[in-house]
Each structure stands twice: as C-alpha cells, then as structure tokens.
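Please look through the sequence and the structure below, and then read on for a report on pockets, helix packing and a few backbone details.

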Amino acid sequence: MPDLILKSTAVVTPEGQRPALLVLQNGRIADVLPYDAPVAGPVLDLGGAAILPGVIDPHVHLNEPGRTEWEGFDTGTRAALAGGLTTLVDMPLNSAPVTTSVANLRIKQAATQGQLHTNVGFWGGIVPGNAAEVGPLIAAGVLGFKAFLTHSGIDDFPNATEADLRQVMPLLARHGLPLLVHCELSEDNDEWKKGDTRAYPNYLASRPKSWEDEAIKLMVRLCAEYRCPVHIVHLSSANSLPLLAEAKANGLPLTVETGQHYLFFNAEDIADGQTQFKCAPPIRERANNEQLWQALQNGLIDFVATDHSPAPPDLKQLASGDFASAWGGIASLQLALPVLWTAARARGAALPDLARWLSTNPARLIGQSHRKGQITSGYDADLLVLAADEKFTVTAEMLHHRHKVSPYLGRELAGVVTHTFLAGEEVFRHPDAMHLNRGQLLTR
C-alpha cells in the first residue's frame, strides 16, 4: 500500500509537464502513473496546482555556529521549507569556525542537531595553508570545495592564490569533486570611497566586470590544465559569456550559476542609499542582465542559486545607506522560486525550465543527480506544489528568515508554494503549517 498518492494535471517530469499520479512509498517516488490509472491508497488531489521536484540551493550561508545571530540552521531551513526548498548546501563561511578542516566540519555538523528542517550538505573551503586538509575533508563527506579569489569579507577565510589552487586541483580531479570559485581578481580600489558612498553607481563602479572576467580566464585555464570540475558561482558579468561558451564547447568540466537578484533587479533601478541591494559582485545594468537571461535560457548558464547571505539590519547600514560599510549579501532563501518564476514567465519560460534551473542541474553539481532533482520513479520524494498563477506581495511578516531585511519586500511575485514534501512526508502546507526536524545531513 502506498504511503500517499499525489494527483495533479500539471506534474513536471523530465519528459515535460503532464497530468499524472505520483505514488509515494518509503520516502521515494515509487511510480509515475497516468492521471486516470486505477490506484489503491490515500490520494491528495491537487487539481491544477503543479508538482515540481523540490528546489535544491547549493549556495547558502547559514552562518552557524559563530554567527547564528545572522541566520542559523533553524530559521534558515524553516524559510527553505516555506519556499519549496528541500536541499541546501552550506558554504564554508560565514560560520565560525570556517569549514576548512575536518575538526571544524564536525563542529558545524554537531550544531545542526535538532535544527534541520530540510536536507543540508556542506562545502569544504580552500584557503592558504590547508591543502593537507582537503583529502580528509573529502573522506568526511563534503560535496566539494569553495575558494575566493578576492577578500571574502571574513578575515578567517582568506582568498586562495593560483598556487593554492594548483596544489588541490589534481586531487579534486581524481575524485571528480567540483571546485566552486568566487571569481573576482580585485585590485586596490578605495578611490570610490572618497566620493558619495551612498551612491549606488559609485559602488557598482568599484567592482568592475574586468575583475570577474580576469578571474574567469584564470579558472578556465586551470580547468583545462587539470580537468578538475570548476563551478563559477554567482556570475554577474555578461562579458565572460563568450569565454565560458568556448570552454564548454571544448568539453571542459565547467559549470556556471547566476543569482536570482542578477536576473530580477537592474542597477538603473537601485536608488542611492538602498544598501539592502548590496552584494558582491554587484547587481549590474539592464543590458548586461538581459544577456545573462539569454545565457540561462540557452543553457550556457546551468542554474540559479540564491547566495543567501543574511545579516542583522545594523550591518546592512539601512539607516545610513552607506555602501562602503554595509555588509554585502542578499537575503532571499524563501523567495528563490517565486522571484525566478516571476521574471522567467515574463520571458516565455515554462515550469520545466524552472525545474531544470532550480532542481535538476543543481543536483548534478552536488553529486545527487542519481536520486534528487527530478520526478522519476525511484527518486527521493522531495517535492513542492506550486500555484503558479497565484500572486502575493512580499511582507516582513511572512518571511521565516531570522532577519526581515530583503530587497524583495513590497514586490508582487507570482507562484505560491502550497505544499513541500520531504522524503514523501508533507512538511509544509501554506500558509504556515510545518512538520519540523525531518531533514538529513547530506554527504557524497
């Protein structure tokens, strides 16, 4: 007897969107049946609401332990459930300690106890001097490694040099693990701080596209030399798209993500003093961002991830509007799906595109494509139900993030997540019913 049967006229499978019955049993999708197939067992008829694979976000900062007042596993994974996210992968910073050794990884894993409401995995970190920790971290189950090529914003996670990367890339290549890279090769550039630091154009000019472009050139070269899987995180410079296209055409094991905020917002629309929009790399001009959209829709950009990087309101400098001293990060975890869907459907995208950008392709990066990221028999029953045409206005009261600072406040978005299922169990029902502590630690 199945545990539950989901019925919908809009089930998003790898073959496309169609009416179907999903038979859920023992935490898996036991079968995908025709809509009118005879079945025995409890049925949840969802009508025309769409069923999609749960969102997988491989780029989040939950900040625990050490900076739990910024977010934390409890609030972060609650927010995730409400947004239809079922799997998160936590970056090796901004927690304290940072995840650059097995000892530090164990501290972070211990901090999750009783607080995981979604599945959570971890990236290890590459910093100067920790090459000897890479092998043990692989054995301990991290999903891959993250490095910065510029200052990370946190002094205990310094940027790696080319020499540091050369030390570890052969080992990662042997294990087939990805090296995720924040691609900015920065130069001393404090001149902009002598001007109006409340002016967004000044902040934008302080982190030019050339920083990204030069860093991406370096990573393409190293990827070709070592054949180590390289993943470019939060691409914002469209100038690098031709180089990335050439690298992929040459068969390099290279993948690319961009962020929702680079696709939803444009620099021309950010007023001076609106530090809730500060992130690095910065949100760029409309013409640039339209090119990012084209690259996402033609498959050059593989997927979209939030880079959820929250901070308390005082660190965002909302009162002063000072971009020089404000923390750079966009809080958006709960809104990952509706933000992308609102912008995507205006460009003619469909729900199967959304599933590919938020679930199927991220599952490949984290080594889980054999069990997560699509609605297929035998896969984990991590699912969401979406009222795709229903709209809502973002308010602080509806957000489960620890802090309600977000550039999306007051925006009308399309797509209401009505249910989230984790391993076949309903863990969220709109607006606020949750079944908690059902998440698992994820390793390769």
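## Two pockets

A pocket, in this report, is an open set of grid points with protein on both sides within 12 Å along at least five of seven lines. The model described here is predicted, and its second largest pocket has a volume of about 250 Å³. Of the 15 residues that line the second largest pocket, those closest to its centre are Ala 82, Gln 334, Phe 392, Met 398 and His 430. Strand E15 (383-393) and strand E16 (412-422) are the elements that give two or more residues to this lining, and the largest share, 3 residues, comes from E16. Sorted by class, the lining of the second largest pocket has 9 nonpolar, 5 polar and 1 charged residues.

The largest pocket has a volume of about 720 Å³, and among the 32 residues that line it, the closest to its centre are His 151, Ser 152, Gly 153, Arg 207 and Ala 280. At least two residues of this lining are supplied by each of strand E10 (145-148) and helix H5 (200-206). The classes in the lining of the largest pocket are 9 nonpolar, 15 polar and 8 charged residues.

Two packed helices are described by the angle between their axes and the distance between the axes. For helix H3 (residues 131-139) and helix H4 (residues 162-175), the axes come within 9 Å and cross at roughly 15°. Because angles under 35 degrees count as roughly parallel, H3 is roughly parallel to H4. H3 passes H4 in a right-handed crossing, and the contact is made by Ala 131, Val 134, Gly 135 and Ile 138 of H3 together with Gln 167, Val 168, Leu 171, Leu 172 and His 175 of H4. The residues of this contact of H3 with H4 divide into 6 nonpolar, 3 polar and no charged.

In the second pair, the axes of helix H6 (residues 209-226) and helix H7 (residues 241-249) come within 10 Å and cross at roughly 10°, which makes H6 roughly parallel to H7. Ile 216, Lys 217 and Val 220 of H6 meet Leu 243, Leu 244 and Ala 247 of H7 in the contact, whose residues divide into 5 nonpolar, no polar and 1 charged.

## An oblique helix pair

How are helix H10 and helix H11 oriented to each other? Helix H10 (residues 336-345) and helix H11 (residues 351-365) pack at an angle of about 135°, with their axes 11 Å apart, and they are therefore oblique to each other. H10 passes H11 in a right-handed crossing. The contact is made by Leu 337, Leu 340, Trp 341 and Ala 344 of H10 and by Leu 351, Leu 354, Trp 357 and Leu 358 of H11, and its residues divide into 8 nonpolar, no polar and no charged.

## Backbone details in loops

Most residues other than glycine have a negative phi, and most peptide bonds are trans. Against that background, a cis peptide bond joins Glu 64 and Pro 65, with omega about 0°, and Pro 65 lies in the loop between strand E6 (55-60) and helix H1 (73-82). A cis peptide bond also joins Ala 96 and Pro 97, where omega is about 15°; Pro 97 is in the loop between strand E7 (85-90) and helix H2 (102-111).

Asn 26 has a positive phi of about 55° although it is not a glycine. Asn 26 is found in the loop between strand E2 (16-25) and strand E3 (28-33).

Conventions. Residues numbered from 1 in each chain as written. Predicted model: local features only at pLDDT ≥ 70, side-chain atom pairs only at ≥ 80, totals over all residues. Heavy atoms only, no water. Axes fitted to C-alpha atoms, helices over the stretch in contact; angles between N-to-C directions. Helix = DSSP H or I, 4+ residues; strand = E, 2+ residues; numbered from the N terminus. Parallel < 35°, antiparallel > 145°, perpendicular 65-115°, else oblique. Left-handed = near helix turned anticlockwise from the far one by under 90°. Contact = heavy atoms within 4.5 Å. Nonpolar A, V, L, I, M, F, W, Y, C, P; charged D, E, K, R; others polar. 1 Å grid on protein atoms, 1.4 Å probe; cavity = no way out; pocket = protein on both sides within 12 Å on 5 of 7 lines; lining within 4 Å. Points joined across faces, edges and corners; volume = space filled by probe spheres on them.
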